[in-house]
2 protein chains.
Amino acid sequence: MSEREAYEVVPKGEDFSRWFDEVIFKSEILDERYPVKGMYVWLPYGYELMENIMSIMERLLRQTGHKRVYFPSIVPESVLSREFRFIKGFQDSVFWITKLGRQDAPEKLALRPTSEAIMYEVLSRWISSYRDLPIRIYQIAPIYRYETKATRPMLRVREVAFFKEGHTFHATYEEAVEQVNLEVWIYKSFYDELLVPYIVVKTLPWDTFPGALYNYDIVTIMPDGKALELGSAINFGDLFARTYDLTYMDEDGQRKNVNTTSFGISERSLAAVIAIHGDDRGLRLPPKIAPIQIVIVPIPTKDYEERIMEYSREVKSTLERSFRVHLDESEERPGYKFYKWEMKGVPIRIEIGRNELERREVTVFRRDKMEREAIPIDKLNERISEILKDIERVLSEQAWSYFRERIFHARNMEELIESVKTKVVSFAWCGKEECGHEVEEKGGYGLLGYEEDALKGKGEKCIVCGDEARHRCWIGRSY
Amino acid sequence: MSEREAYEVVPKGEDFSRWFDEVIFKSEILDERYPVKGMYVWLPYGYELMENIMSIMERLLRQTGHKRVYFPSIVPESVLSREFRFIKGFQDSVFWITKLGRQDAPEKLALRPTSEAIMYEVLSRWISSYRDLPIRIYQIAPIYRYETKATRPMLRVREVAFFKEGHTFHATYEEAVEQVNLEVWIYKSFYDELLVPYIVVKTLPWDTFPGALYNYDIVTIMPDGKALELGSAINFGDLFARTYDLTYMDEDGQRKNVNTTSFGISERSLAAVIAIHGDDRGLRLPPKIAPIQIVIVPIPTKDYEERIMEYSREVKSTLERSFRVHLDESEERPGYKFYKWEMKGVPIRIEIGRNELERREVTVFRRDKMEREAIPIDKLNERISEILKDIERVLSEQAWSYFRERIFHARNMEELIESVKTKVVSFAWCGKEECGHEVEEKGGYGLLGYEEDALKGKGEKCIVCGDEARHRCWIGRSY
């Protein structure tokens, strides 16, 4: 196998789905060959990448007063079944434990499909007075769903390995509304840092998370033009609280229902990063989350090997206080290393050969633009900082223009029916349910959600009935 | 309830077991009231504490070249059952998934009781040549064992929430031996940082981890004089590799078996910290792992409330660059706050009232010695650094002297039989199996392990046969 072939993948534009699978395997993020379908092994490089992504989320959560907890993975059927009044859909996808060693379990036990049920059960003992509220907790831990649709790494899995679920508890409905707005802010900040473009939509009443009053979804668009839900912020009002007897004594001496919200993200965040920024040579990682920001590749020349290696180490120690640097001292040939680190998406490669040694400079290669420049060693730190910032700018701009190419505002039903085949499409909507349903029927896909009052006063007419439109509503194929 | 009563616990010396349960609940580490026996909810304070503990372990693991990975929680029976050739004992404690939604699972699926089986299965595809070795990986993720003995929080649980398991893969037996020694070094460094005393013993051949050639155990002693195993470092040689066809092509063109090791710790580390350092007022946390190192408690005096609060904030901002500081602005009375933060084991409390305000000093209270001193604000950072170091020294010294009080070197069988009732006892051993068994029989407990050659050339005689002793062997009651 030639150096190029080892890291060759199908072009992204030719077969996105295969490209995605090949890239996550060749860049050593996941090993897909696990003997349970829909479950994957996270390799060191992929794990570190997810840790960097999750640490951004954790910083945002801590800043906004959320505390990390851990609840067990196992939930008794009796507790979970109270939730089933709302969440009928989950029943078909629960992993059930029925045997303990050689014995039958006295009661069926579920692997958590999500943690509302068990948290509410326990929280009902934590909350007695208005003084105990608000409570904002989250955990990062796997959840389990026996997905019956075709599984896909990171996108549709049976063990969601990196599930961040936040749950909050409030005295009043108004506070819960504010909290959900805060959750949307957290998501927007998070995806801004990942340089992932998105729209935020409110789901349609007939499509809302079961048991919820309303929820917002963060939606991005994959290279194949299909919408991908990246996170939800859900206002349950006091619906769940009623099921779990979650009440508190208010200042006025009245016993009242607690208002609750929840919000979650998963490794789909990384799937979006890979899919949106990646190219035909593999990953292109945003510098903030790249496990390695700079890789140094020495180019040995006869008789200069040792001096080039020494100089490479000097360059490494110059950089490692400010950046995550790796010096590739392995015995592979430079060409092989180039392809490897391009595949792994390292934002900057530094090449050091005899010329660089003699001039006390380095050649800096940018993964985003595949461009080189020479930099003297005494200007290196400063210039690298600038380049990393510029890589962020470029990746973000490319991603947003890529995103805009995949959305379309349809002015009439014909345009909608045509454009929805390849894009995510918005249209003007009056807000009436029957008009929404008609678009779903004619468009052939479900509505993704709508932006409330986005068209208010703009004079646009509902694409169906021609009444005045208030909302921008979205439709598209989706994951 | 008075302020004192809210944070009162049974004296540690009177009923250690009840003290332990009361302290972990009142200090808000765990909520034990989870509806599945042997599983617990980790509260924010407890979670943060475990995170601080695990980050020490992670630092040591990274320094020594171990990489973090994640393997799914679910293992098919066919994979696990190959391990059962060795690990018969696990069979009775496996949580088995037999139903997926409403359907029967085509094959029984286990929640991992440990990850050897599944890792070996997968690693057999990662390893083909000597160039792929060594591999050193670890994960921090729950494991599940249906313990049939009485469960105890952190000590005997059915969901080990913080299981750190390391697995390594080597070309030669000698490298595996070196690795196991490195693992012991990691554990010793780790427990030194936690200020937890220990002995390191090699387990007896008839007591070794199933499928292992030998293993070392790190053992501490709890306040009730019972031994607690805190970690294991296991050399499997090529035994596991043979079961899982884990082979590699060596430089000499020969196909050879891989040599493997594994090592694990759990939340028992925290149990030891709590049990060994705690006192009748609750936790006493080593500064390195304390979620809060300094709590500031304002003591309001009439007409000075606002100025005292302002000064408290100034003190906080003076300290927070170097330390983890919390200013308790809640409306509780100072006495209540004192008891609360003592229970939660915060190493230093700063009290600020009118006197302190007027003299621009603070009163510093040390949790370890329950002693106060006045410190001027401009000397504060420097002095706090010294005090935190001294707290470490005091906790460590107290713990080691406490430990030494609970061990005893028995010179003859009568001393052994008597002392083993309350202590962990060592004795001189020749190394013959029958002598070991006789001590177990007469002593009434299993041997904990032995220190190889610790008595070599010292002229001590085997406590049973009177032959020359080489090993110091240990016996005691244990958890």
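Biologist: In this predicted model, in what order do the strands of the open sheet of five strands in chain B stand?

Modeller: The sheet of chain B is open and its pairing is mixed. Strand E18 (325-327) and strand E21 (371-376) of chain B stand at the edges with a single partner strand each, so one side of each has no neighbour in the sheet. Neighbouring strands are turned by 25° against each other on average, with direction ignored.

Biologist: Which residue is the bridge partner of B:Thr363 in E21(B)?

Modeller: Strand E20 (residues 361-366) of chain B pairs with E21(B) in the antiparallel sense, and six bridges hold that pairing. Within E21(B), the bridge partner of B:Thr363 is B:Ala374.

Biologist: What angle does helix H12 (residues 380-405) of chain B make with E20(B)?

Modeller: Helix H9 (residues 305-319) of chain B packs on this sheet, touching E17, E18, E19 and E20 of chain B, and its direction makes about 170° with that of E17(B). Helix H12 of chain B lies across E17, E19, E20 and E21 of chain B. Its direction relative to E20(B) is given by an angle of about 10°.

Biologist: How much area do chain A and chain B bury between them?

Modeller: The size of an interface is often given as the accessible area lost when the parts come together. Here 48 residues of chain A are in contact with 48 residues of chain B. In chain A, the residues that lose the most area to chain B are A:Tyr34, A:Arg68 and A:Tyr70, together 14% of what that side buries. Of the area buried between the two chains, 62% is on carbon and sulfur atoms, and the total is about 4,400 Å².

Biologist: How many salt bridges are counted between chain A and chain B?

Modeller: One salt bridge joins B:Glu51 to A:Arg68, with the closest N and O atoms 3.6 Å apart, which lies inside the 4 Å cut-off for such a pair. Polar contacts between chain A and chain B number 26 residue pairs, both residues being at pLDDT 80 or more. For salt bridges between chain A and chain B, the count is four.

Biologist: Which element gives the most to the side of chain A that touches chain B?

Modeller: By class, that side of chain A has 32 nonpolar, five polar and eleven charged residues. Among the elements that give two or more residues to it are helix H3 (44-63), strand E5 (95-100) and helix H5 (116-126) of chain A. E5(A) also pairs with strand E5 (residues 95-100) of chain B in the antiparallel sense over five bridges, and A:Phe95 stands opposite B:Leu100 in E5(B). With six residues, the element that gives the most is E5(A).

Terms used:
Residues numbered from 1 in each chain as written. Chains lettered and ligands numbered in written order. Predicted model: local features only at pLDDT ≥ 70, side-chain atom pairs only at ≥ 80, totals over all residues. Heavy atoms only, no water. Contact = heavy atoms within 4.5 Å. Buried area = accessible area lost by both parts, 1.4 Å probe. Salt bridge = Lys/Arg side-chain N within 4 Å of Asp/Glu carboxyl O. Polar contact = N/O pair within 3.5 Å; in protein donor to acceptor, adjacent residues only side chain to side chain. Helix = DSSP H or I, 4+ residues; strand = E, 2+ residues; numbered from the N terminus. Nonpolar A, V, L, I, M, F, W, Y, C, P; charged D, E, K, R; others polar. Pairing = 2+ DSSP bridges. Axes fitted to C-alpha atoms, helices over the stretch in contact; angles between N-to-C directions.
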